[in-house]
Amino acid sequence: MPSQPPLPPLLTPYLSTFPQSSLTLVTSILDATGNWLVLRFLHAALSTSASSNTAFGAEGLHNGTKKKVVFVSFVRSWEFWRTEAKRLGLDLARLADKQQFAFIDGLSELFYTPQAAHATPGVSPAGLGSTPRAILPLRSQPGAVPGRLPAPASTTEGGSTATPGQAELGIARKLHLYGRGTAALDALEKDIVSVIDQQRASMAEDEELLLIVDQPDLLLAATGPSMGIGATEMAEWHVHATVLTLAADSPLIHNASTSGGHPAPPIETEHAAFTIGLAHRARSVLQLRNLETGAARDVSGVLRISRGGGWSTGEEDGLEEKDVLYFIQRDGGVRVFGRGES
Amino acid sequence: MAPVTLSHRRTHNLLLISKLLSLRDSASPLTLLLDSLEQPATPLIQEYLRRAKLSKAHVTLIAFETLKQPEGVDAFVSARRKSAGDIFKEVGAAYQPAAATNPSRRHLIIIDSINPLLNSKRADPGFHLPSFLSSFLAPTSPSAPKAGASLVVTYHQDVPETPPQNPYSPAPLSVLTYLATSIITLHSFAHILAQKAARDRSLAAPVFGLDEEQDGVLLGRSDKLVGTRTAEGIVLELEHRRKSGRGVLEWYLLPPESRYSPQQVKEVVTLLDDNPLYNPPTEPDRDAGDEEPAIDQGDGPGEGGRILYDMGEEDDFDEEEDEI
C-alpha cells in the first residue's frame, strides 16, 4: 500500500486552524483510539514551524502561522509519543530542545508523593502530612528540581543530574497530584500554566500556542467523589485554547441516567457530565467510533466532525461538518476518505 | 383548524414571543432555556443580545462556560470557582454604574449554563436555588433601582445531574421548571422535520446524537440531513405562564442569523405551523374559494348541460375583445 502524507488532506483544515481560546474535543472509544489524531494535531502544529525554521516559506499551505505546543499526557508515556511521532517524521526531543514543544508527564509520577522540597509553594502541605521522609532514600527525580527554576530547564539540566537519562530528556515537567478537591487541581493547573508561561516567554509575535491535553478524564476515574473532584471541578480547569481527548465509550456516557430505579454509579455520572459538558463548550467535536456494520479489512473506523455547543454563529462557513472513514495502515500512515470513495 | 383561529393564534402568539424576546413589559422575569448538544442555545442567546442592543438594555452575562466577553454584553462576570453569594455581589457591582446613570434602563441577566452551579461538589450547604435566582430579580435594599430585570437561564438537558445531597429535596430541574415564567425548549429544525416526516408515514421517529446510544456518538447534528438542506434555523417550543395562571403553548421557528440584518426591528420569528417545509400548503390559495363548475340542469330535453360560470376579477375578461 502506498505511503500516505502525514496529514490527510481531508482533515488539514480541521487540524491546523484554531481561533483564540477555542476548545476542540476529540472523543474516542476503546476500539477506535485517538492517538493517531493527536499525532496529526502535533504534526500540523509543529512541522510547519520546523520547516519554516530550516527553509523559510517552504509551504504556503498553513497560512504561515507558527505554533508552539504544550502537550499534557495522562495515560501514555513520553517514550510512546516520541516513538510514534518519529514515525511521522517529527522529532519531539529536538523540538523540545528548540522550545517549540513542551511535554508534561501526567503519567509516571502523578500519585507519587514528591519530596518535601519539591512541594508546590502555593499549596498548603495539608495533604502531605508525614510522608516525605519515607520517600527521601529513593533516587532523585531530575524532572521536578529544575522545574522550580525560572529557566525552561529540564532539557538542559537533565544531563547534569546523574540518573535516568535519555528517556527523561524533553520532559518539561512531571505532574503530581496531592491534596484534595480544587486545591489539588489548582496545583496541577499551576504546574501546567508555568510551563505555558515559559513557552510564551520565548514566543514571537505571530506565534500561536496550542495546548493539547490527552485524556484528563483519568483524573475523574482515579480520584472520584471522595477526593472532592467532580465533573464541574474538572471542567473549570480548562481555560486555554485547547485540544482535549476524552473517552466516550457508551458505558461511560449512557449509564448515567438512572435506569430501573438504581442510581447510576458516580464515575458514570461524572464522566458523562464532564464529557457532555465539555462538548457544550467545544467549538468542534471530533468523534471516533467503529464502523456500524462491523469490522472491515480496509476501514479502521469512522470520524465524525461536528460543531460543538461553543461554536459561534459568527463564523458561518468556518467549519464544515463531516462524517468520514479512516484507515490506519501498517506503517502508521492514515488514509481518510469519504464513504464510497477508496 | 379553521382559518380564523389560526390567524388569531398567529397574531397573539407572535406578539407574545416578540414581547418575551425583547423583554418588553417584563413579561417573563425568569426564562428557562432547555437546550441540548443537538441544538445549543447559542443562536437564541445571540438573538436576545441583538434585541437588547436595539432596545439599549443593559446586559450582564454570568459566565460559567464562556471565556471571552461576547459582543453586545455590557458586564461580563466570570463565575468560575465562585460561590453563589460572590456571583451575586459581582453582578450587583457590575450593574451599579449603569443603574446610577439611567435607573429606568432595562436589565437583562444571562446565565450561560446553570449546570455547573447545580452539580458543584463545593456547593455550600446554605445554597438555595430559588433564593439565588430571585435575589437578582428582587432588589434586596429598598434604595436599589426598581428597573425590571429579566433573567435568562440556560440549562443543558443532556448533562446528567449528580445525586442530590438531600434525598428529599426535589431535583434542580424540577425546581427550575417550577419557578420559570417561560420555558423555551430548543430543537433543531432539521430534526423536527425528520421526525414529522416519519410520523406522517406512521414510522417511529428517528433519534439523534446521544439518544442514538451508539458507541462513541455524542453529536448527531449535521447540516446535511438528506433533503433538508434548506432546513436551517431553530425551533422554539415555548411554554409561557401568564399571571393569571393560564399557560400558552406554541412552537416557533427562529431563522438563522444570516437571513436578516442585525438592525431589523420587524419580528423575525414565525410560527412553526406557517413554515412551508413543516406544513406544506396543500393547494394554491386561488382554489380555496372556488367551487366545482355548476352544470345547467336545463328545463326540458335537449337543453342544459352548459357549464355555468360566473366570471370573476381574475378572469380579466374584456367585453370587446372576447365575444362569447
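Helix α8 of chain A (residues 181-201) has 21 residues and should span 30 Å at 1.5 Å a residue, which agrees with the 30 Å between its end C-alpha atoms; the expected span is 1.5 Å times one less than the number of residues. Helices (H or I, at least four residues) and strands (E, at least two) are DSSP runs, numbered from the N terminus. The model is predicted: local features need pLDDT of at least 70, side-chain atom pairs count only at pLDDT 80 or more, and totals for chains, interfaces and linings use all residues. Residues are numbered from 1 along each chain as its sequence is written, and chains are lettered from A in the order in which they are written.

Buried residues of α8(A) include A:Leu185, A:Leu188, A:Ile192 and A:Val195; a residue is buried if 20 or more other C-beta atoms, placed from the backbone, lie within 10 Å of its own, and exposed if 12 or fewer do. A:Asp197 and A:Ala201 are exposed on the face of α8(A) turned away from its buried side.

Chain B contains 7 helices and 11 strands, and 33% of its 324 residues count as buried. In chain B, 9 strands form an open sheet of mixed pairing, in the order β3-β2-β4-β5-β1-β6-β7-β8-β9. Strands β3 (75-78) and β9 (270-271) of chain B stand at the edges with a single partner strand each, so one side of each lacks a neighbour in the sheet. Strands pair if DSSP finds at least two bridges between them; β1 (residues 30-35) and β5 (residues 149-156) of chain B pair in the parallel sense over 6 bridges. B:Leu34 stands opposite B:Tyr155 in β5(B).
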